[in-house]
Amino acid sequence: MIYFDNSATTRPCEAVIKAIDDQLGSGELYGNPGSLHKLGTNADKAYNKALERAASCLGCNKNELYFTSCGTEGSNTAIRGFVHRNKRIGNTIISTKTEHKATLEVLKLLESEGFIVKYVPMLSNGKPDLGSLSDMIDDDTVLLCFTHVNNETGALLPLEDIVKIRNEKKRDAAIFLDCVQSLGKLDIKLRNMGVDMATFSGHKIHSIKGVGMLYIRQGIKVDPLILGGGQQNNMRSGTQSLILAEAMVTAMEEAESRRDEAYVNISAVNAYLREELASRDAKILSPDDALPFVLNVSFDGFESETMLHCLEIYDIFVSTVSACSSKAKQVSYVLLETGVDRKIAANSIRLSFCRDNTMEEAKEFIGRVDEIYDLYLVKR
Amino acid sequence: MATNVILARMGEVTLKGLNRGKFEIQLKSNLKYRLRQFGKLSIYQSQSRIWIEPKDEGNQFFADEDSAREVLEAVTQVFGIVSASLTRKFTGDIKAIDDEAVDYVEHLLKLHPEYKTFKVEAKRGDKSFPLNSPMICEEVGANVLERVPGLSVNVKSPDFILNVEVRDFNYVYAGKVMGHRGLPVGTAGKGMLLLSGGIDSPVAGYMMASRGMTLDAVYFHSYPYTSEQAKEKVVDLAKIVSRFAGRMNLYVVNFTQIQLDMYKNSPQDMLTITMRRVMLQIAEKLAEKSGAKCLITGESLGQVASQTLEAIGITNEVVKMPILRPLIGMDKEATCELSRKIGAFETSILPYEDCCTVFVAKHPKTHPKHEDIEFAEKDLDIAAMVESGVADVEIIEI
């Protein structure tokens with residue numbers, strides 16, 4: 001089996017599985033971190049320890065981090081919570097149309113509530129037009145929402161430039177960054193990034209589904225999305241799960257320790273695939289400087305889904321647009337937004353890698369693509 | 001203590017002469033099969049009506065009228081049933097009838113607060129009952145009028161008719177749910193339905209089942225051009241058809257290689273017709289195996305290129321079995337309406353790639369001639385294709 005669908009989700013790594021086993025097996029850490037007895041305080045200590053480890057991975061303070069259920073929850077909380085709480089700063093949100101649905105749907109809702117949302121046009125290199133961005137930011141701007149690494153193309157955000165523009169134009173407008181695809185792949189040290197809020201997901205970095213993290217910089221005020229017993233400094237009520245926290249943090253540490261090595265290996269895999277595919281009937285849609293872990297490619301003569309199923313025959317798993325929206329039978333809005341021709345976008349496949357993928361797999365992939373062209377190509 | 005029972009009425013079946021008994025036995029057997037999930041039931045006939053009652057007092061499906069409505073709906077989906085009513089069955093004298101009628105009407109008004117007028121119709125089968133039918137009407141009507149506020153009598157066009165029947169037991173009911181009519185499945189032989197995943201073919205299957213036909217179905221699967229989801233969708237559609245048509249087998253033919261061979265070795269503009277000819281031959285072979293005596297398709301004249309008179313003529317030639325096309329003269333809108341009525345529409349319009357639009361030519365021949373098909377098939381080993389199609393089949397019991 002070749003799994004090239006790591007931007008959809010990843011396989012839980014052994015360290016994570018062991019961490020979960022240890023937790024469940026210990027029999028002593030099931031206490032509610034909110035309880036006042038010994039069992040509770042032990043759980044609370046362990047929970048705080050997990051927070052500290054996460055903070056050290058992300059280069060921030062532990063009281064700036066919250067465990068969530070997923071990346072989407074983080075986006076919802078940060079975006080809605082910030083603009084609702086900070087109306088005095090402004091009423092206009094700036095974003096792009098290539099954001100994940102977890103952002104776009106929230107923005108749609110906020111628009112219906114009376115907020116103004118402006119979308120920065122995208123350039124063909126997958127980056128927002130910074131000139132337009134600079135023009136758009138005005139006194140009414142309250143929040144900028146961007147994605148660190150696009151989940152469909154791997155396009156990298158020129159974050160430093162954006163922070164600089166924000167600092168020049170309107171200092172108190174916050175920046176929310178969707179880091180779901182960049183976590184574990186890029187060096188993320190939140191303290192120095194100029195970002196005010198960020199969301200992360202566990203299952204994209206070999207943890208398990210059901211856990212994510214939200215970063216809210218100290219001093220930034222955000223209304224919580226989930227109300228209740230006031231856990232996690234009133235920011236995210238609901239009894240904390242030590243197991244999920246452990247699964248998240250272990251995955252972060254593991255990813256951090258193997259990040260450089262993975263980057264080098266996957267860069268080579270990516271370069272190889274780009275070269276081989278470009279010499280065939282395929283068009284690379286990811287920008288040249290994209291994160292090497294994502295490679296979007298359009299195969300001439302094969303609709304996305306047909307190619308996906310052809311590869312499936314050989315136990316090779318990839319994805320068409322983003323996995324969440326595949327069933328809707330639409331052409332990727334991300335690709336269309338960056339100016340890709342509709343026909344080419346309709347044939348696009350996303351290959352997404354993780355640190356475990358190898359050059360051997362890439363070679364086999366290319367061999368299978370050739371076989372598929374021989375056996376299954378139907379030109380209309 | 002009243003029990004909820006269902007009164008179902010037979011239609012066309014009762015017009016049958018000497019064969020009537022066979023039809024009735026089949027209908028009862030179909031009801032039994034269709035209602036098997038609702039616990040142990042007693043299903044018996046009295047004249048042109050069929051009574052359906054729970055055998056056990058504790059049967060949860062008949063416990064209240066809301067849950068019994070689910071059974072009622074299933075009853076109306078059995079071909080041969082014209083209509084059915086949810087009925088209360090109880091014992092006692094006119095006082096008991098009065099009380100039950102009031103309770104029934106109160107319940108009915110909760111469901112239909114718009115009802116303002118009513119009348120009572122009574123039948124007395126038990127001639128020893130002291131009141132005759134007009135007297136029962138009068139008594140029960142007056143009693144309801146007095147005890148249920150806000151209602152008045154309207155004998156010409158009431159909002160509802162309260163039926164009271166006195167036989168070995170007493171019964172009250174109002175209104176009826178229309179059934180799907182037709183003849184009991186199993187009285188008209190078996191047909192092999194070509195099921196594609198679109199809107200038409202499930203409707204075609206439904207229509208033939210309504211004439212008493214038992215069905216099997218065949219689907220041509222072209223993985224990887226069509227996905228597993230597309231196949232699942234066809235399985236779902238087969239399940240919907242089988243609500244009406246009863247048990248069926250779905251034959252999933254692995255069609256990919258056959259299509260690729262055709263694609264590579266015959267002209268584009270005849271591809272659909274060549275393909276359909278092979279499909280029909282495979283379907284006929286499968287039909288012979290399964291005991292079906294005809295093929296059924298969802299074709300409608302002129303709907304697409306392969307459904308012109310010439311194209312149909314040329315596809316017809318390759319099989320001996322009759323091909324039934326119940327939708328041939330139907331408007332698409334009417335087909336969609338039927339599809340909605342049988343609950344298939346939402347599934348039919350799911351977006352998974354159909355029986356391979358990948359292979360459809362941009363400009364197929366709409367008026368193919370004999371020379372065209374001869375030319376199109378000259379480099380194809382049709383017999384081998386048919387054989388391999390029949391051999392590579394997955395059978396799914398629906």
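Guide: What follows begins with a pair of helices and then turns to loops, backbone and surface.

This is a predicted model, in which local features need pLDDT of at least 70, side-chain atom pairs count only at pLDDT 80 or more, and totals for chains, interfaces and linings use all residues. Residues are numbered from 1 along each chain as its sequence is written, chains are lettered from A and ligands numbered from 1 in the order in which they are written, and side-chain values use heavy atoms, with hydrogens and water left out.

Two packed helices are described by the angle between their axes and the distance between the axes. In chain A, helix α8 (residues 259-278) packs against helix α12 (residues 359-376) at an angle of about 15°, and their axes are 9 Å apart. That angle makes α8(A) roughly parallel to α12(A), a term for angles under 35 degrees, while over 145 counts as roughly antiparallel, 65 to 115 as roughly perpendicular and the rest as oblique. The axes are lines fitted to C-alpha atoms, for helices over the stretch in contact, with angles running from 0 to 180 degrees between N-to-C directions. Helices (H or I, at least four residues) and strands (E, at least two) are DSSP runs, numbered from the N terminus. The crossing of α8(A) and α12(A) is right-handed, meaning that the near helix is turned clockwise from the far one by less than a right angle.

Elsewhere in chain A, V106(A) sits in helix α4 (residues 101-112) and is buried, with a relative accessible area of 4%; buried means under 20%, exposed over 50%, and partly exposed in between (1.4 Å probe, protein chains only). The C-alpha atoms of V106(A) and R80(A) are separated by 7.2 Å, although the two are 26 residues apart along the chain.

The loop between β8 (212-216) and α7 (242-257) of chain A holds N233(A), and N234(A) is placed in the loop between β8 and α7 as well. N233(A) has a positive phi of about 55° although it is not a glycine, and it is exposed, with a relative accessible area of 58%. For N234(A), phi is near 65°, again positive in a residue other than glycine, and N234(A) is exposed at 53% relative accessible area.

In chain B, a cis peptide bond with omega of about 10° joins Y223(B) and P224(B), and P224(B) lies in the loop between β11 (214-221) and α6 (228-245). V155(B), in the loop between β6 (152-153) and β7 (160-166) of chain B, is exposed, with a relative accessible area of 55%.
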